[in-house]
Every structure is written in C-alpha cells, then in structure tokens.
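Subject: Structure for you to look at

Dear colleague,

I am handing over the structure below, and my notes on it follow. Please read them with the model open beside you.

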Amino acid sequence: MSVDFAETVSERANWTVFAHATIDRMGRTYVDTIIREKWQPSESVDALIKFCNALRPTYLVIEEVNFTRGLKVAIEGKWQSNPSNYKPIIRWTKRPTNKEKEERIRLTLQQPYKTGSLRFVKDNIDNMAPKSWAALLQELREFPKSTSDDILDAISDIYDYRDWE
C-alpha cells in the first residue's frame, strides 16, 4: 500500500491518495483500492489507520518530506495508543532528486501498463470510492498534462518499493 499525502486542502491543492495492490506469483500487480480525498492532516492519519486495519497491507510506502515527518509522530502515536490497530512494515522513502516526477512515473509504470502486468480491479475500486475510478481514468488519459497525477504517483511508489523476490 502506498499513500501520497497532500499538504493542504485548498481547491488547487493536491489530493491525498491511498493505493493498495496485490501481486500474483507471475508478478502481475492488481491495484484493487484507490482512495482519493482532500482531508485535513488529522483526518488523513485517521483514514490511514482505518485503511491499514481494513486492508492489512504487508508494507506501507510513505514519501519522507517535511510534511510527512510531522505526520509521522501522529501516525506512530495512533498505533501505540491502540495496539489492536494493524501496523504494516513502514517504508519511509526519499524520491530520487535526479528525476522529474513525470519521468519517474513514466519510467516506472509505462512498461507494466502496456504489457498488462499492471491491472486495475474496477469493481473493487468503484465500490470503495466511485470518484476515484473516474479520477484514475482521467489521470491515465491526460498524463503528463493532467491537473493531477496523485494516483499515478502513489501507484508508482508501490512499484518502486515492492519486493521483487
């Protein structure tokens, strides 16, 4: 599972995106959950805990930037205050500074998308958050010129940091 946190909730701000995927024995990746919302930071933390409890991901990828370093304390506090909350392995990542975001997404997702090893479970995504399916289609159609690439960014993190064993 990957989360791409938005720092603000203004009209022009990015979205907070949770993306969850499963991987089969052939290495195909099935994105089965996409949640895209504009939340206040405390709401994002609560949603993260809720989705970790529901989806029980093996690992969680979060980009380490100033904003998420601040959230880290709140997230860890939630897990520590209620031991029944499911806590996956956390992978705090630093994205490469030598690549533009567009290039990183394209290099990560283009080949698996074209070959069919990146698949989307429409019914599940639509049931969890109907607006997220439409947003995914828009991002795929308009990339790299879309007003938002938050879903693709979260999915590329799943690919970049998954175990390839």
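Contact here means heavy atoms within 4.5 Å, while helices (H or I, at least four residues) and strands (E, at least two) are DSSP runs, numbered from the N terminus. Axes are lines fitted to C-alpha atoms, for helices over the stretch in contact, and angles run from 0 to 180 degrees between N-to-C directions.

This is a predicted model, in which local features need pLDDT of at least 70 and side-chain atom pairs count only at pLDDT 80 or more, whereas totals for chains, interfaces and linings use all residues. Residues are numbered from 1 along each chain as its sequence is written, and side-chain values use heavy atoms, with hydrogens and water left out.

Helix H1 (residues 41-55) lies across E2, strand E3 (29-37) and strand E4 (59-63), and runs at about 15° to E2.

These strands belong to an open sheet of 6 strands with mixed pairing, in the order E5-E4-E1-E2-E3-E6, where two strands pair if DSSP finds at least two bridges between them. Strand E5 (89-93) and strand E6 (118-120) stand at the edges with a single partner strand each, so one side of each has no neighbour in the sheet. Within the sheet, strand E1 (residues 2-4) and strand E2 (residues 16-23) run antiparallel and are joined by 3 bridges, with Val3 opposite Phe18 in E2.

Elsewhere, the axes of helix H3 (residues 101-115) and helix H6 (residues 150-161) come within 9 Å and cross at roughly 65°, which makes H3 roughly perpendicular to H6 (65 to 115 degrees count as such).

Best regards

How values were computed
Angles under 35 degrees count as roughly parallel, over 145 as roughly antiparallel, 65 to 115 as roughly perpendicular and the rest as oblique.
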